[in-house]
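How might they go about it?

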Amino acid sequence: MPRGFNTCLEEGVALFNAGSFFEAHEVWEEAWRRESGPRRLLLQGLILVAAGWLKRDAGNIRGAWTLFSRALERLESLPPSCEGVDVGGLRPCVVRWREGGDDTRPLLARQVAHQRGER
């Protein structure tokens with residue numbers, strides 16, 4: 001049985017915050033396949049942020065810039081808080097990461113666990 005949106009989102013956030021970007025990407029992709037609307041855009045943005053960090057860690061600055069830019073395109077239309085994720089705080093971080101000026105390991109803030117029931 002497929003895991004629900006909230007389960008995948010929370011697990012992906014925990015993996016991302018631990019620096020396991022590939023694993024976070026895979027978990028979010030599991031939920032992304034079944035979602036639409038703002039949830040799908042949120043997951044796409046997070047997947048692209050994780051992929052950007054994979055490229056950045058591998059020294060592929062151009063690839064990271066492209067992926068972070070694509071992530072911003074997805075995150076731009078979302079409200080500052082989407083499904084409990086602090087999108088408003090994430091967007092300026094992604095801009096800094098894209099420009100290479102911030103080497104601080106990324107953390108995602110999940111404000112409210114299980115805002116809505118599983119689907």
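Q: How is a pair of aromatic rings described, and how many aromatic pairs are counted here?
A: In general, a pair of aromatic rings is described by the distance of the centres and the angle of the planes. Please keep in mind that this is a predicted model. The count here comes to six aromatic pairs. In one of them, the ring centres of F16 and W28 lie 6.0 Å apart and the planes meet at 35°, so this pair is classed as tilted.

Q: Where in the chain do F16 and W28 lie?
A: F16 belongs to helix α1 (residues 5-17) and W28 to helix α2 (residues 21-32), twelve residues apart, and the pair thus links distant parts of the chain. Both F16 and W28 are buried.

Q: What can be said of the pair formed by F68 and W97?
A: This aromatic pair is tilted, with 6.2 Å from centre to centre and 45° between the planes. Because F68 lies in helix α4 (residues 61-75) and W97 in helix α5 (residues 87-99), the pair ties together parts that are 29 residues apart in sequence.

Q: Are F68 and W97 buried or exposed?
A: Buried means under 20% relative accessible area. F68 has a relative accessible area of 0%, so F68 is buried, and W97, at 3% relative accessibility, counts as buried too.

Q: Which residues do ring pairs link into a cluster?
A: The cluster consists of F16, F21, W28, W53, F68 and W97.

Q: Which residue lies over the face of F5?
A: That residue is R39, which is placed 4.0 Å from the ring centre of F5.

Q: What is a disulfide, and how many are counted here?
A: A disulfide is a covalent bond between the sulfur atoms of two cysteines. The count in this model comes to zero disulfides. For C82, the closest cysteine sulfur is that of C8, and because the two sulfurs are 15 Å apart, they are too far from each other for a bond. C82 counts as buried, at 5% relative accessibility. C93 is likewise in no disulfide, since the nearest cysteine sulfur, that of C82, is 17 Å away.

Q: Where does Q44 lie, and with which residues is Q44 in contact?
A: Q44 is found in helix α3 (residues 37-57), and at 19% relative accessibility Q44 counts as buried. If its neighbours within four places in sequence are left aside, Q44 is in contact with W32 and R74.

Methods:
Residues numbered from 1 in each chain as written. Predicted model: local features only at pLDDT ≥ 70, side-chain atom pairs only at ≥ 80, totals over all residues. Heavy atoms only, no water. Phe/Tyr/Trp six-rings, centres within 6.5 Å; stacked < 30°, edge-to-face > 60°. Helix = DSSP H or I, 4+ residues; strand = E, 2+ residues; numbered from the N terminus. Buried < 20%, exposed > 50% of the residue type's maximum accessible area, 1.4 Å probe, protein only. Lys NZ or Arg CZ within 6 Å of the ring centre and 35° of its normal. Disulfide = S-S within 2.5 Å. Contact = heavy atoms within 4.5 Å.
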